[in-house]
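Student: I have just opened this model and would like to get my bearings. Could you walk me through it?

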Amino acid sequence: MTTLIPILGDQLSMSLSSLRDADPATSSLLMVEVIEEATYVVHHKRKIAYIFSAMRHHADALRDAGWRVDYVPLDDSNNSGSFTGEVARAIARHAPDRIVVTAAGEWRVAAMIDSWETLFGIPVDVRPDTRFIATLDEFAAWAKGRKQWRMEYFYRDMRRKTGLLMDGDKPVGGDWNFDSENRKAAPRDPAMPRPLSFAPDAITREVLALVADRFTDHPGSLDGFDFAVTRADALAQQAHFLAHALPRFGDYQDAMLSGEPFLWHSLLSPYINSGLLGPLELAQAVEARFHDGDVPINAAEGFIRQIIGWREYVRGIYWHEGPDYATRNFLNATRPLPDFYWTGDTDMHCLSQAIGQTLDFAYAHHIHRLMITGNFAMLIGVDPAEVHRWYLAVYADAYEWVELPNTLGMSQFGDGGLLASKPYAASGAYINRMSDYCGRCRYDVKQRTGPDACPFNALYWDFLARNAEKLAGNQRLAMPYRNWAKMTPQGQAELRASAASFLDRLDGAQVER
Ligand code: FAD
Ligand code: DLZ
Ligand code: SF4
């Protein structure tokens, strides 16, 4: 029996369920660069370059391991431009008896794969993606019957399942979660670790030229592209992180500094999400550093929680909720995304830093995404679908299964509290506490109204007032709503007028589309 095995751009792992029992002598592996995948949103140029180069290197690694790989580059003159079109052409070339494929990471591509059996008239065996720690059935069983879902309880089950940082049935260190020790502001430390930089080889240079030529209207820069594009290089970045950044990861996880996009973060998400690195092997390597006495518990637990907790939890929610999750808009927000999200051209220093580094590196760490760009978009009431498309486009690690729940659920409260117990809304005071941005900004973070006041301040109160009907009953917002109620009517009116005049100026600066 001959088999066609399509391997998608985020399936760059040797231990894929579709390869489990495959015979190299009778199997053809299919990898395709297709314009539809590169343009369903305007992906950052760096992201496309990373995926194409990692795909090309992975095809070589598969060939070295004895597989026959049929690789269709973007500039193949017969390239049809879509997964389905390329599978049709591959069936004509190889006449397979069946297709075996590891399930796609998102609804859009899963629907394409579901159409293949009828379309091509051969059996299609779609296998679960076994690279995750929780199966989708396990998540569904966990979610069933619970009135409230909270990541913390799901995470504890994942700790029990994997045995990571467990001492029998008790958490190592006496607590499940050391988050309260992960909120320090970062010093401008000359010994701050720098991520490894990987010089482009001939394959990457060819891809960079292709992307520069074909994706001129996509956002972002290719300058200084230095991503790892092989598993060996991704493992080198992993080892570098474990040795140099992990020990302080916990302390400075939420911190932000001007001109320092990376701090003590791992930068590993593009490699994990595309398959070059395995989440469990990474979490186990972190645990080993802890047991060796090289890293404190707040760093090890904090990092492992992100990988086996948050990452698995958002995936569970994505598949549990279905494709309509993308259309939810609990707060009925309708404003368009400000143009400066595509340029970084704003006088609000925190936003220009977060967006600038995003355009330069296709990277921003969690707090930039949640508390700067996400917070601002929610405060001004941007349509969550627009916010979602921006995040999906601009980050090298963005695939819908992980990006959508983080953006629409966690950062925009678009699902009404399924993922987050309260909106992550904050005024300038939070940004000032966690960064050095405000000291370099033309606005005064201490002022609440007037032309020099930090815009986040009035926008924060305006957000709460505007959405009181939906949010005032939230226990976790009781304190800010009490503080709002204590203000004089004049004080409230001044804040709302200040927010309105800021929003008028913002809307006036928006280019008609
Ligand atoms: P580190 O800070 O070093 O964290 C370690 C790892 O933990 C990450 O590599 C990642 O694999 C995992 N992780 C941490 N937080 C999360 C989380 N909330 N959800 C899932 N995994 C997590 N992460 C993505 O991988 N892809 C996305 O498209 C994405 N979109 C996001 C959108 C918004 C609005 C927000 C608030 C967060 C988003 N995240 C996303 C989560 C997080 O911001 C990134 O995983 C992280 O910034 C990647 O950088 P790092 O590898 O240096 O992470
Ligand atoms: C993101 C992406 C891009 C830009 N290009 C390709 C591609 O040309 N070929 C491919 O196989 N995959 C690509 N990807 C990743 C896919 O979009 C991803 O595998 C699907 O979204 C399934 O989750
Ligand atoms: Fe951002 Fe306000 Fe601080 Fe300026 S003052 S950096 S706008 S939080």
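**The ligands and the domains**

Tutor: The shell around ligand 1 is made up of 14 nonpolar, ten polar and four charged residues, where Ala, Val, Leu, Ile, Met, Phe, Trp, Tyr, Cys and Pro count as nonpolar, Asp, Glu, Lys and Arg as charged, and the others, Gly among them, as polar. This is a predicted model, in which local features need pLDDT of at least 70 and side-chain atom pairs count only at pLDDT 80 or more, while totals for chains, interfaces and linings use all residues. Residues are numbered from 1 along each chain as its sequence is written, chains are lettered from A and ligands numbered from 1 in the order in which they are written, and side-chain values use heavy atoms, with hydrogens and water left out.

Student: Okay, which residues are the closest to ligand 1?

Tutor: The closest are His265, Ser266, Leu267, Asn273 and Tyr363, out of 28 residues that surround ligand 1, a residue being near if one of its heavy atoms lies within 4 Å.

Student: And what does the side chain of His265 do there?

Tutor: A polar side-chain atom of His265 lies 2.6 Å from an oxygen atom of ligand 1, which is a polar contact, meaning a pair of N or O atoms within 3.5 Å. A backbone N or O atom of Asp397 is placed 3.0 Å from a nitrogen atom of ligand 1. The protein covers 99% of the 810 Å² of accessible area that ligand 1 has on its own, as computed by the Shrake-Rupley method with a 1.4 Å probe.

Student: Which helix gives the largest share of that shell?

Tutor: That is H15, with six residues; helices here are DSSP runs (H or I, at least four residues), numbered from the N terminus.

Student: Switching topic, what domains does the chain have?

Tutor: The domain assignment, which comes from an automatic or database source, gives domain 1 (3–127), domain 2 (136–199 + 219–321) and domain 3 (339–512).

Student: How much area is buried between domain 1 and domain 2?

Tutor: About 1,700 Å² is buried between them, and carbon and sulfur atoms give 60% of it; buried area is the accessible area (1.4 Å probe) that two parts lose on being put together, summed over both. On the domain 1 side, Arg46, Tyr50 and Trp107 supply 45% of the area buried against domain 2, more than any other three residues.

Student: Last one, what does Val32 contact in ligand 2?

Tutor: A polar backbone atom of Val32 is 2.7 Å from a nitrogen atom of ligand 2.

How values were computed
Polar contact = N/O pair within 3.5 Å; in protein donor to acceptor, adjacent residues only side chain to side chain. Helix = DSSP H or I, 4+ residues; strand = E, 2+ residues; numbered from the N terminus.
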